[in-house]
Amino acid sequence: MNLPLCLKRQGARSLESDTDMTEQPPIPARKLHVAMVGAGLSGAVAGRALAEAGCRVTVLEVRPHVAGNCHTERCPETGVMVHVYGPHIFHTDDAQVWEYVNRFATMMPYHHRVRATAQDQVYALPVNLHTINQFFGQTLRPDAARAFVAERSQDNADPQNFEEQALQMIGRELYEAFFQGYTTKQWGCSPRALPAAILKRLPLRFNYDDSYFAHRFQGMPRDGYTDMVARILDHSGITLHLNTPFVAADADAFDHVFWSGPLDGWFDHDIGHLGYRTLDFERFTAPGDWQGCAVMNYTDADMPFTRITEHKHFAPWEAHEKSVLYREYSRACGPGDIPYYPIRLVAEQALLARYVARAQALSGVTFMGRLGSYRYLDMDVTIREALNTAGMFLRQTHAGTPMPGFAVSPL
Ligand SMILES: Cc1cc2nc3c(=O)[nH]c(=O)nc-3n(C[C@H](O)[C@H](O)[C@H](O)COP(=O)(O)OP(=O)(O)OC[C@H]3O[C@@H](n4cnc5c(N)ncnc54)[C@H](O)[C@@H]3O)c2cc1C
């Protein structure tokens, strides 16, 4: 997805090295009964690994469907495969994870490209040589463009926030056109209130490469993510219960609980809610091809939505007469909303540290996934971490040592 830079890769300290999927994990001496809370990618992948190792796995999912936020369903009116909770593109450099998804889905070629409407023009993102030349009305070659952008950048040896970092890297014009309004809408605060660190990896290219992701493997599951996750869960050792909320008090019935729900949800949010942004999708249908691409960002501050997604373009191998689109709005997440993006600013970090300390003091429960560890995780990282978590559990059990509260520290 095109998460706008922010808060993306924080707090991902693995407590163990990656599990090699070709290695056989130890089989527990007695049949353990584990609960997987959540049938998203985390619960499904870890559940499958434990079922294959001989555990009895009960998956409990509060929603009426599997796949969590990756859930896809075909629109009965148009036939288009809709990414219900927002667009999901599979991309990874992890060959074993790529092999893993290909085991459960036919992955179709899909190369993600994003366009942006800014100041009444359409540009290619991430900012590349075409964007720069078009924006400034130039015909610069790479070295000249590099020097041109450097001339516009503001000297600052120690940028203190997102805005200062952006001005130092790309200068005011590009910052205002492509980052300032979008970031403000996405995070509901001034870019000056966001840390500088999140812009360290600003995608800025001095060539005509307009690929959104640089990963070696990219694709889309032909039959959607929900079909893929249903196949992962299809194992004789797994029992799935949909529409079934799990609360901490249910834990006694299991040898171990893997919780991919919200970390603060385990504690009934008793010391406060960890802050999230949520999304509202305004869905509409249209004849033919409405915008000509899968994702169009709207970077101007006075346009209230952040982007429009046209779902049929995620399946270029399919043909549909009609189209389904989502206009996407970002806002603060209230108690009844779906938490999408964790806000990991100073106040949230302090509250997170308190919840993490409490979680680490528990026994018999491990927190995992994007909500359980309060981090933004791409799907490939989610799969990798779920496999590592299951592998770690099997090794700890074999060695007779307790499984920690987190396989990957959220701090
Ligand atoms: C808008 C958006 C776009 C994204 N786009 C991409 C992309 O393009 N590419 C990419 O790689 N990644 C993308 N991601 C990330 C991707 O969604 C995550 O990697 C993935 O969903 C993480 O899976 P998970 O199982 O950890 O969490 P989830 O998918 O959130 O699953 C957790 C599940 O637990 C259930 N649950 C919670 N509490 C309870 C409870 N008490 N009892 C029972 N069930 C419970 C929930 O209902 C949910 O189904 C995107 C994320 C967002 C928000």
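Axes are taken as lines fitted to C-alpha atoms, for helices over the stretch in contact, and angles run from 0 to 180 degrees between N-to-C directions. Helices (H or I, at least four residues) and strands (E, at least two) are DSSP runs, numbered from the N terminus. The structure is a predicted model, in which local features require pLDDT of at least 70 and side-chain atom pairs count only at pLDDT 80 or more, whereas totals for chains, interfaces and linings use all residues. Residue numbers start from 1 along each chain as its sequence is written.

Two packed helices are described by the angle between their axes and the distance between the axes. Helix α1 (residues 41-52) packs against helix α10 (residues 379-399) at an angle of about 35°, and 8 Å separate their axes. Contacts, defined by C-beta atoms placed from the backbone and lying within 7 Å, involve Leu-41, Ser-42, Val-45, Ala-46, Ala-49 and Leu-50 on the α1 side. Their counterparts in α10 include Met-379, Ile-383, Ala-386 and Phe-393. The contact comprises 11 nonpolar, 3 polar and no charged residues, where Ala, Val, Leu, Ile, Met, Phe, Trp, Tyr, Cys and Pro count as nonpolar, Asp, Glu, Lys and Arg as charged, and the others, Gly among them, as polar.

The ligand is surrounded by 35 residues, the closest being Gly-38, Gly-40, Gly-68, Gly-261 and Gly-369 (C-beta atom, placed from the backbone, within 6 Å). Two or more residues of this shell come from each of α1, α9 (369-372) and α10. By class, the shell holds 17 nonpolar, 13 polar and 5 charged residues.

The protein chain is divided into domain 1 (13-112 + 218-409) and domain 2 (129-199), with bounds from an automatic or database domain assignment. Their C-alpha centres lie 32 Å apart. At the interface, 9 residues of domain 1 are in contact with 10 residues of domain 2. Strand β16 (residues 322-332) supplies 3 residues, the largest share of the side of domain 1 that touches domain 2. That side of domain 1 has 2 nonpolar, 4 polar and 3 charged residues.

Strands of a sheet pair through backbone hydrogen bonds, either parallel or antiparallel. With pairing taken to need at least two DSSP bridges between two strands, an open sheet of 7 strands shows mixed pairing in the order β9-β8-β14-β15-β16-β13-β17. Strands β9 (121-125) and β17 (341-342) stand at the edges with a single partner strand each, so one side of each is left without a neighbour in the sheet. Strands β8 (residues 114-118) and β14 (residues 295-298) are parallel over 4 bridges, and Arg-115 stands opposite Met-296 in β14. Helix α5 (residues 162-187) packs on this sheet, touching β8, β13 (276-287), β14 and β16, and its direction makes about 95° with that of β8. The pairing of β8 with β9 is antiparallel over 5 bridges, with Leu-125 in β9 as the bridge partner of Val-114. These two strands form a hairpin with 2 residues between them, and Gln-119 in the turn has a positive phi of about 50°.

An open sheet of 3 strands has antiparallel pairing in the order β6-β10-β7. Strand β7 pairs with β10 (residues 217-221) over 2 bridges, and Met-108 stands opposite Met-220 in β10. Helix α2 (residues 95-104) packs on this sheet, touching β6, β7 and β10, with its direction at about 150° to that of β6.

Conventions. Two residues are in contact if their C-beta atoms, placed from the backbone, lie within 7 Å.
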